Amino acid sequence: MTEQERQAVLEEGERLDDIGFGGLRLIQKPGEFCYGIDAVLLADFASAGKAGKIADLGTGTGIIPLILSHKTEAEEIWGIEIQKDSWSRAVRAAKLNQLEDRLHFVCCDVKEAAEQLTAGSFDVVVSNPPYTRAVCGMQSENRAKMIARHETTAGLEDFILAASRLLRKGGSFFLIHRPERIPDICWHCRNCGMETKEMRLVSTNRDVKPSMVLVRCVKGGGNELRFRNPLYIYRQNGSYTSEIQRIYERNREKNQSG
């Protein structure tokens, strides 16, 4: 892409980032919320198995659908995003990466997801929702960051209910959140007809307590929960662990170059 073509895609204050998966590029605005490792971990966690149709609730600028388009053979991946600026970046990124036939984005509240899309038709739903309750923590003066980090427009239960409505029976809901919300996650999922089937705690390294949890729930599933081995992001020397290298496909790059 020439500099002229690149500038034609971007709006003021935006930048174009190579996400490291198949040469795919993402449009972000540094002054607003940018994706972190939690989105990458969730996309990898949700990529196991076959799924013809996937929905991402609170998709932001579309990072999870982009990664899933690389890691899966899903025919349709839909993203729901309430912020118009973020939605616009996701739409432009799909076009930039020539993925308009697979990636589709709708600008609406997650509470309206089942009405905007086809209820009961999705094999997989994923979500990396705001972690902080609306009444807790110091809120950012930047509205875009505040909506991304705090439950301002929808709470955890709204994301879970939307996922349940979108999923077909037997479909899976993949979520990443804080460990302290595990009781709420399990309660709301069961209340919405989904059973928590799998969890994996994520820690920065072996010496610190978990800061995130990956969760898989199944609509209409049985009540049996399995804990996977903990996931550690860094070794003691500060480098990524081998599993994080695998998730980011760094090992593949090394093998191809060597």
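Helix 7 (residues 156-166) is largely enclosed by the rest of the structure, because 8 of its 11 residues are buried (buried means under 20% relative accessible area, with a 1.4 Å probe and protein chains only). The buried ones are Leu156, Asp158, Phe159, Ile160, Ala162, Ala163, Ser164 and Leu166. Helices here are DSSP runs of H or I with at least four residues, strands are E runs with at least two, and both are numbered from the N terminus.

A quick word on the model: it is predicted, so local features need pLDDT of at least 70 and side-chain atom pairs count only at pLDDT 80 or more, while totals for chains, interfaces and linings use all residues. Residues are numbered from 1 along each chain as its sequence is written, and side-chain values use heavy atoms, leaving out hydrogens and water.

Now for the strands. Strand 4 (residues 76-81) runs parallel to strand 3 (residues 53-57), with 5 bridges joining them; strands count as paired if DSSP finds at least two bridges between them. Ile80 in strand 4 sits opposite Leu57. To get from strand 3 to strand 4, the chain passes through helix 3 (residues 63-71) in a right-handed β-α-β crossover (clockwise from first strand over helix to second, with the strands pointing away from the viewer). Strand 4 is also joined by 5 bridges to strand 5 (residues 103-107), again in parallel, and there Ile80 has Val106 as its bridge partner. Strand 4, helix 4 (residues 84-96) and strand 5 form a right-handed β-α-β unit.

Finally, Ser203 belongs to strand 8 (residues 194-203) and is buried, at 4% relative accessible area. Leaving aside residues up to four places away in sequence, Ser203 touches Val208, Lys209, Pro210, Ser211, Leu231, Tyr232 and Ile233 (contact means heavy atoms within 4.5 Å).

Notes:
Buried means under 20% relative accessible area, exposed over 50%, partly exposed in between (1.4 Å probe, protein chains only).
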